[in-house]
Amino acid sequence: MKKLSLICMTVLAISFLASCRGPQGPQGPAGNDGNANVASSTLTIHDYDWIWSCIYVDADGHERGQYGVTIDYPAINNNVYNYGAVLVYMDVQGAWTQVPFTYYYHQKIDGEDCLFAASIEVATLSDGGVCLFWTESDMWDVRPETREFKIVAIEASVYKDRSDVDYSSYEAVKEAFQLAD
């Protein structure tokens with residue numbers, strides 16, 4: 001009986017000590033209000049992530065085509081795909097530019113500084129992702145350099161009520177939906 005009492009008192013003591021809290025610290029700073037119906041991420045697409053697709057071979061035997069990359073993005077669900085919005089922006093010299101657009105840039109080829117124009121396009125996938133396409137104006141096989149992209153997926157319940165937002169501006173979208181960078 002003494003053994004049973006000792007076990008019970010030990011269990012009670014451990015329970016009591018485990019439920020005790022230490023001193024409470026000061027309140028932390030307030031966090032940003034979020035929006036559970038909007039997902040946003042910044043992604044780095046490295047030069048080696050882009051995959052070449054030959055579309056045709058010209059009369060001189062040169063392959064013509066485009067580079068592409070597929071990005072899984074689970075926030076693009078059926079509701080977002082069918083009724084919401086998927087926005088993609090590319091970092092162009094520190095400013096977020098909405099895709100699709102034509103991008104003019106310099107790149108060294110065989111030691112020479114060359115001016116290029118590329119069309120950057122996006123296709124939203126119904127199963128949760130996007131495909132980005134990089135097509136040079138002359139469809140040459142010039143691999144894109146490492147680039148930063150932002151993807152924003154907006155649920156239909158929020159998107160339908162916000163016709164006041166300039167969706168071409170990432171800064172306007174960030175402010176309207178309280179997105180953290």
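Aromatic pairs number 12 in this structure, where rings of Phe, Tyr and Trp (its six-membered ring) pair if their centres lie within 6.5 Å, with planes under 30 degrees apart counted as stacked, over 60 as edge-to-face and the rest as tilted. The model is a predicted one, in which local features need pLDDT of at least 70, side-chain atom pairs count only at pLDDT 80 or more, and totals for chains, interfaces and linings use all residues. Residues are numbered from 1 along each chain as its sequence is written, and side-chain values use heavy atoms, with hydrogens and water left out.

Elsewhere among the rings, Arg162 lies over the face of Phe177, 5.6 Å from the ring centre (the cut-offs for a charge over a ring are NZ of Lys or CZ of Arg within 6 Å of the centre and within 35 degrees of the ring normal).

Turning to the strands (DSSP runs of E, at least two residues, numbered from the N terminus), 5 of them make an open sheet in the order 2-3-8-7-6, with antiparallel pairing; two strands pair if DSSP finds at least two bridges between them. Strand 2 (51-57) and strand 6 (101-109) are the edge strands, each pairing on one side only. Within the sheet, strand 3 (residues 63-72) and strand 8 (residues 129-136) run antiparallel and are joined by 6 bridges. Ile71 has Val130 of strand 8 as its bridge partner.

Conventions
Helix = DSSP H or I, 4+ residues; strand = E, 2+ residues; numbered from the N terminus.
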